[in-house]
Amino acid sequence: MSAAEHGPDDVLTVRGLRMEAGPPGSPVPLLDGVDLRVGRGETVGLVGESGSGKSLTARAALGLFPAGARVSGAVTAAGTEVIGADRAALRGLRRHRVSMVFQDPRAAVNPVRRVGDHLTEALRARGVPRREARDRALDLLERVGIRDPRTAVRRFPHEFSGGMLQRVVIAGALSTGPDLILADEPTTALDVTTQAEVIALLDSLRRERGTGMLFVTHDLDLAAAICDRVHVMYAGRIVEETTGAELLSAPAHPYTRALVAASPSLHGDRGAPVPVAGRPRSLAEAPSGCSFRDRCPAADDACAAAVPAVRRHGGAAVACLRPAAVAL
Amino acid sequence: MSGGDAIRPVLTATALTKRFGSFTAVEDVGFTLMPGASLGIVGESGSGKTTTARILVGLERPTSGTVVLDGEPAAGGGARRRRARLIQMIFQDPYGSFDPRQSVARSVEEPLRLHFPGPAADRHRRVAELLDRVGLGPREGAALPRDLSGGQRQRAAIARALAVEPRVLVLDEAVAALDVSVQAQILALLEELRRDTGTAYVFVGHDLAVVRHVTDEVLVMRRGRVVEHGDTERVLRDPHHPYTRLLLDSVPSPGWDPGRPARDRRALDALDTPTPTTGHGEDQCRSSNG
């Protein structure tokens, strides 16, 4: 996307990322030409529905590709080119520079090891002495709002609630002082009240340390509230890049507009959410040309001819021939 | 009870309490539901909203309190089938409530076989009707549950619940797992069905924006108790209880301060500790619009 110019302060740049799986004879396309960047201290959202490829894109930043997938393009995370990197380089990247927080904290920690071990593991692997690593772990737990860290480090994951364990996972993600955090639906499994607390935590860390964050979510309201910029994905492609502020107030791509219209709102008029015909598609199922055209009320033959190029529309970059043509 | 043509509540829950050992999951919960009305139950996990829903449909027996369905208490051995005719439940993940080896149409047919014995041809016609009603065709009917998308499975679950023409549908986080474009389709379908059939809804959910759109009245639950009960629009615009405010402040919106809920929570916890009496603007209203 044209907006993805490389900046010197970028902690993540993705350019022309393509991915396909399956046998070479009948490949299954997963991603097509994904461009995005995350600057230092910036929170960038990646929103879309199931199968849009948002998690695949986020994982690609760590060199986590599906088994057997063929990948091309360029992915630079914290100064390391990820595609084609050897295991040692990837291990170093994951250990020191880039951390990931997933939706389910229980899948991210070893259930039979104490929480303290989880937190000191990455530090010990870097050669930090045991005692110092332990002190750092206590510090981190305090920082993420766990009461009585001295007791907490000796407890097991099952002794924590989901929200508290997600704090532990975030503490672990921060233990190495990463340049970039990849947060894949980190609050989706939590209550709204706990979500707010976890978001407040991530946000204060971003401000204090200048950590860049790629925030993957299906929640438009959340993305609009916390992200500097937001990329909207549909069927393996980015269809719009816009600011958090304009995501809800001035969506340009028909798909973004459809998502906004379909989301029930807590404020303003109680207009009923407007359904979008059909269901979300993956890239493999999508029609030729614009992937959204079979669900788009403004689509015509021109949309079938080719994948629309990205063009500027106000503050946004949109892959559509007729941005903002669909009424909200 | 008022006789004649007076409209009576289709569901009355009175002083429902459920204890698991020494833990009280639900305490003194009560409300009435009129035909065609829609009541929301909101709260955090552990607030007792799902346990309340399960008591209503009979999946959980209350420690004390009563559920009256269509004028008669829902209890006792012979009452199970009657209860199933009157009240049905839809879960967040319909996959878990379908037999994975049976076609969707057959699953929808099952309650018909149980409740309306008669010629198979009639049943099959009714199944096709029900599937059509929720926007599924014969192709989806012949499919196995795993071959349908999440939205289609939820439609099938709704078709099956409607097969017995229940007076009340309990929806427990029924649209929470769906993509937003599909969620809007299901919400529109539910609204249409309520209008056409007069089925009343009890909608359990954590998403206040969704609850706002599908309910007229809402119960806010915290730690097993109802802390606020009133007209949905009023409760969301002008919450009386600090806990309701906490829930509302937690919802992201432009200019959102994610630190505020934590402050609300501390204020609320401070409020909890010393005072033994009720009060603090707790809305004790057990209003019925009947």
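1. Arg114(A) counts as partly exposed at 37% relative accessibility, where buried means under 20% relative accessible area, exposed over 50% and partly exposed in between, with a 1.4 Å probe and protein chains only. Arg114(A) lies in the loop between β6 (98-101) and α3 (115-125) of chain A, helices (H or I, at least four residues) and strands (E, at least two) being DSSP runs numbered from the N terminus.

2. This is a predicted model, in which local features need pLDDT of at least 70 and side-chain atom pairs count only at pLDDT 80 or more, while totals for chains, interfaces and linings use all residues. Residues are numbered from 1 along each chain as its sequence is written, chains are lettered from A and ligands numbered from 1 in the order in which they are written, and side-chain values use heavy atoms, with hydrogens and water left out.

3. Strand β8 (residues 212-217) of chain A is largely enclosed by the rest of the structure, because six of its six residues are buried. Gly212(A), Leu214(A) and Val216(A) cover one side of this account, and Met213(A), Phe215(A) and Thr217(A) the other, with both faces of β8(A) covered.

4. β8(A) pairs in the parallel sense with strand β3 (residues 43-47) of chain A over five bridges, pairing requiring that DSSP finds at least two bridges between two strands; here Gly45(A) stands opposite Phe215(A). Strand β7 (residues 180-184) of chain A also pairs with β8(A) in the parallel sense, over five bridges, and Leu182(A) stands opposite Leu214(A).

5. Val192(A), in helix α7 (residues 192-209) of chain A, counts as buried at 17% relative accessibility.
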